[in-house]
Amino acid sequence: MSQHPVETVPDAIERTVDIDAPVERVWTLVSQPGWFINGGQIVEHVIERVSDDVVVVHDATVGRFRIQTVRLEPPTYAAFRWEAGERLDGDPYDGPTTLVEFFLAERPGGATVRVVESGFAGWGDDEARRRKAFDDNTEGWELEFAEAKRLLEQG
């Protein structure tokens, strides 16, 4: 009897995009907590401050998400902890999270942005839930980067 390898969900998604806009303009977008939460079009969000480093991002299409700013190093690095659940009362969040890191580098004619979203391996034993989140977010980064490129290159 042959054994088929079990496909496990990777821990991280990594994507890169070149944007023909100054790195400072790109930084203005990627340093905003939760800019990447939307239904395929970057829009203004209602932002509710929970503490010095935590906000709740309200998006009319996809809902509410708590985002913690982990570190900002203008204009080259931004890191956020994305809390994937809906527990938005005042209690400490104990559900699944991912770390979303943006790395910006200046290049001739613009900037290169790399995102690394990691932490899917820590989502517990529910392989189907981890797979869905990983697949949804992988597709999401393609959409978000295409929209960021379009928006930022327009000026």
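These legends accompany close-up views of a predicted model.

**Figure 1. Overall fold of the predicted chain.** Two helices and seven strands make up the chain. Starting at the N terminus, the order of elements is β-α-β-β-β-β-β-β-α. The chain has 155 residues, and 43% of them count as buried. Take the contacts between residues at least 6 apart in sequence: 54% of these join residues at least 24 apart.

**Figure 2. Confidence along the chain.** Mean pLDDT over the chain is 88. A score of at least 70 is reached by 88% of the residues. Among the elements, strand β7 (residues 110-118) has the highest mean, 98. The lowest mean, 89, belongs to strand β3 (residues 54-59). Residues 1-6 stay under 50 in pLDDT. For this stretch the model has zero contacts beyond four places in sequence.

**Figure 3. The largest pocket.** This pocket holds about 570 Å³ of space. It is lined by 24 residues, and the closest to its centre are Phe65, Trp82, Ala133, Asp136 and Asn137. Helix α2 (residues 127-154) gives the largest share of the lining, with 10 residues. By class, the lining has 12 nonpolar, six polar and six charged residues.

**Figure 4. The second largest pocket.** The volume here is about 310 Å³. Leu29, Gln32, Ile42, Val43 and Glu44 are the closest to the centre, out of 15 lining residues. At least two lining residues each come from α1 (23-30), β2 (46-49) and α2. The largest share is that of α1, with three residues. Nine lining residues are nonpolar, three are polar and three are charged.

**Figure 5. Ser31, in the loop between α1 and β2.** Is Ser31 buried or exposed? Its relative accessible area is 16%, so Ser31 counts as buried, the cut-off being under 20%. The Ser31 side chain reaches the backbone oxygen of Trp27 at 2.7 Å. Leaving aside residues up to four places away in sequence, Ser31 touches Leu72, Ala78 and Phe80.

**Figure 6. Glu83 and its partner Arg66.** Glu83 sits in strand β5 (residues 77-83). With a relative accessible area of 11%, Glu83 is buried. Which side chain does Glu83 meet in a polar contact? The partner is the side chain of Arg66, at 2.9 Å.

**Figure 7. Leu104 and the residues around it.** Leu104 belongs to strand β6 (residues 97-107). Its relative accessibility is 6%, so Leu104 counts as buried. How far apart are the C-alpha atoms of Leu104 and Val30? They are separated by 9.1 Å, although the two residues lie 74 residues apart along the chain.

Technical notes. Residues numbered from 1 in each chain as written. Predicted model: local features only at pLDDT ≥ 70, side-chain atom pairs only at ≥ 80, totals over all residues. Heavy atoms only, no water. 1 Å grid on protein atoms, 1.4 Å probe; cavity = no way out; pocket = protein on both sides within 12 Å on 5 of 7 lines; lining within 4 Å. Points joined across faces, edges and corners; volume = space filled by probe spheres on them. Helix = DSSP H or I, 4+ residues; strand = E, 2+ residues; numbered from the N terminus. Nonpolar A, V, L, I, M, F, W, Y, C, P; charged D, E, K, R; others polar. Buried < 20%, exposed > 50% of the residue type's maximum accessible area, 1.4 Å probe, protein only. Polar contact = N/O pair within 3.5 Å; in protein donor to acceptor, adjacent residues only side chain to side chain. Contact = heavy atoms within 4.5 Å. pLDDT = per-residue confidence, 0-100.
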